[in-house]
Every structure is written in structure tokens, then in C-alpha cells.
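Morning, everyone. I'll take one model and go from the whole chain down to single side chains. Here it is.

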Amino acid sequence: MLRIPAALAVLGLSALTLAACASSPAASGSTSCERNDSDASVLDFAQASGTFGSPALTLKAPVYVDHTTYTDTEVGTGRQITSDAQDVVFSIAIANGATGQSLVQAAPPVQPLSSWHSSYEGLVTAMMCATEGTRVVAAIPARELSAAGAQDLGVTDDQSIAVAIDIKKVYLAAADGTPQYNDRRGMPSVVLAPGGRPGVIVPDAAAPSDRVVEVLKKGDGPQVGSGDTVRVQYTGVDWNTRKVTNSTWENGASIAVAPNSDLAFASDLSGMTVGSQLLVVAPSSDGDATIYVVDLLGIDDPAATR
């Protein structure tokens, strides 16, 4: 059975507003966190099967829990989820813990982990601090689902769900590269909030007449190819007015920038490395310019969409 319940589908659309509301302990910008199986006995009742990326569940007995429990049956070596502001790509299988009935087999779109808080809080608990390439088997009580989420899954207040999650890709929450020295005079300065959100200080000078690209942080991740779609966070600021013209940080979600994008900085991403932060000043014909601060969070797989 391959379907995405209404509550899961809606989350794909609402991530833009929910992503800004990070509430997990690790959401404050920590670079690592410890992950221990909360209760491996869940495997006594629920077992995952199928190739990685296409999980399936078999229940040997009814599953009832009063709080989310989980264990990792496969542990990946990729990037760790250390903040619920990070975008995550995963596949999921859900079964009714009381009946064993398969409820969901789905692959939700790319979105931050925080977007699941509203309707599926237990999923956030089960995935926090896990690494890319990990398969998680978990049991989640109905009380750690929203009323709408439980209703959509057909789970009553006294029931639980069993879940198998394959974490296929984990993105950075913000650029984490090594700061670079730039000595060009008259350029904007960038200050960062604890979570990585940039602020721009515009100098009291005329905007440059030529386009400027500076690497503020150099990441150690994969290099962006000419045909790659890059997931970024960015802020745009008008040089003359000092006002923010657009910001994914304010909108609440990263965006995917394709090579043919009309964004002013799209052509500057090729050859850069994941984890880097760029400062781009794009002048206009009227003597103004737009300042962009761009964080490269990861390279999308061809099938990854929002």
C-alpha cells in the first residue's frame, strides 16, 4: 500500500511556516549530540524489512507504549541530525500497533525536521541525533501525534503506531565551513545569530559598479557541479535602503536552486563546496545593488523536490 495520508501531505506544504519553530533540545545550534537506543525491546514486537529506502514493517504482537521508543537496526555513517532546523529526506512505513495493519508507505518531500512537530512529534524524537544511512524502528503513542494526525491514521487514543524510518539524506542547518579572510574595502559585513542566520551591515559608501563574489566560509563538503541543484538558505538586502528584500530564513525553509534559476547568485554556486557561505553583490543599472548572503547546505538528489 503506497499512500500519504492527508496530514502527511499537508506537512509538505506547511513546512515553510513551521520550520522556524524549532523546539527540540538540540535545535540551538549544537554540532553533535549523543544517540542511544531508547528501548531496543521494540524489536520484540516490530521488525523492519525491505531494502534501504523502501522499509516495510511486520508486527509479531500488538505494540503499546506510553512514550516514543526507538532503536537503530542499521547505523549510517553520514551527516548527523543535530538540529531540527535541518532538512531531512527519509522513507517511512507506519503500521497500527494494535492491529498490525499497514497504514503508510511513503517518501515525504525534503523539509526540515521541525515541520513534523505539529502533527507527528514522535517522529522528531525518533530521528533526532541519528545519522544519514540509519534505519530506525520506533513505537509512538497516539498522544505524541496531533488529534488530526491520529485521526487521519485511524489511531485511537489508547493505541500506538509502529514505524520504520530510513534516513536517506541529511542537510546542514547552516554553513559550517572555515571562515575566510577577505580584505576588499567598502564591502558589507556579515554577523551571524547562534543558529547561523545572517545579518548584513551595509557600509556608508556607494554600491560597487562591478559584481562581487566573496567566500566567507569554505566548506569541506562535495563540490557543486555545473548541473547540480543546490539547497540553500539566503538573505537578500538592498544596498541603498538597507532593507531585506527576501530571506529564506524569514520564510522558514531552505530552497532548491537549479542551474537555470533566475536568482542572481545561481551561477556563482558551481564549483563551490557544501558548507560554504558566499557574499554576492549584484549591481543594478540605476547605481543600486542587492547583497546576498548564501549558505550552501547540500546537493539535492535528482528526485528530491519540495
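Ground rules first. This is a predicted model, where local features need pLDDT of at least 70, side-chain atom pairs count only at pLDDT 80 or more, and totals for chains, interfaces and linings use all residues. Residues are numbered from 1 along each chain as its sequence is written, and side-chain values use heavy atoms, with hydrogens and water left out.

The whole chain, then. It holds 4 helices and 17 strands. Those are DSSP runs, numbered from the N terminus: helices are H or I with at least four residues, strands are E with at least two. Of the 306 residues, 51% are buried. Buried means under 20% relative accessible area, exposed means over 50%, and partly exposed is in between, with a 1.4 Å probe and protein chains only. The chain exposes about 13700 Å², and carbon and sulfur atoms supply 50% of that. Areas come from the Shrake-Rupley method with a 1.4 Å probe; for residues, only the protein chains shown count as cover. Now contacts, meaning heavy atoms within 4.5 Å. Take those with a separation of 6 or more: residues 24 or more positions apart account for 77% of them.

Next, strand 16, residues 277-283. 6 of its 7 residues are buried, so the rest of the structure largely encloses this strand. Which strands pair with strand 16? Strand 12, residues 212-218, runs antiparallel to strand 16 and is joined to it by 5 bridges. Strand 17 is also antiparallel to strand 16, with 7 bridges. Pairing here needs at least two DSSP bridges between the strands. On the strand 17 side, Gln 277 has Asp 295 as its bridge partner. The hairpin of strand 16 and strand 17 has 5 residues between the strands, and Gly 287 there takes a positive phi near 90°.

That brings us to backbone angles. Most residues other than glycine have a negative phi. Cys 129 has a positive value, near 75°. Cys 129 sits in the loop between helix 2 (121-127) and strand 7 (135-141). Its relative accessible area is 10%, so Cys 129 is buried. Arg 242 also has a positive phi, near 65°. Arg 242 lies in the loop between strand 13 and strand 14 (244-247). Buried or partly exposed? Arg 242 is partly exposed, at 38% relative accessibility.

Asp 166 is in strand 8, residues 160-170. Its relative accessibility is 0%, so Asp 166 counts as buried. Beyond four places in sequence, Asp 166 touches residues including Thr 51, Val 89, Phe 90 and Ser 91.

Ser 91 is in strand 4, residues 87-96. Ser 91 is buried too, at 3%. Its side chain makes a polar contact of 3.1 Å with the side chain of Lys 168. Ser 91 and Ser 54 are 37 residues apart in sequence, yet their C-alpha atoms are 6.5 Å apart.

Last, rings. The whole structure has 5 aromatic pairs. Rings of Phe, Tyr and Trp (its six-membered ring) pair if their centres lie within 6.5 Å; planes under 30 degrees apart are stacked, over 60 edge-to-face, the rest tilted. Trp 116 and Tyr 120 are edge-to-face, at 6.0 Å and 70°. Both are buried. Tyr 234 and Tyr 292 are 6.2 Å apart with planes at 50°, so that pair is tilted. Tyr 234 lies in strand 13 (residues 230-238) and Tyr 292 in strand 17 (residues 289-299), so the pair ties together parts 58 residues apart in sequence. Ring pairs also link Phe 90, Trp 116 and Tyr 120 into a cluster.

Note on methods: Polar contact = N/O pair within 3.5 Å; in protein donor to acceptor, adjacent residues only side chain to side chain.
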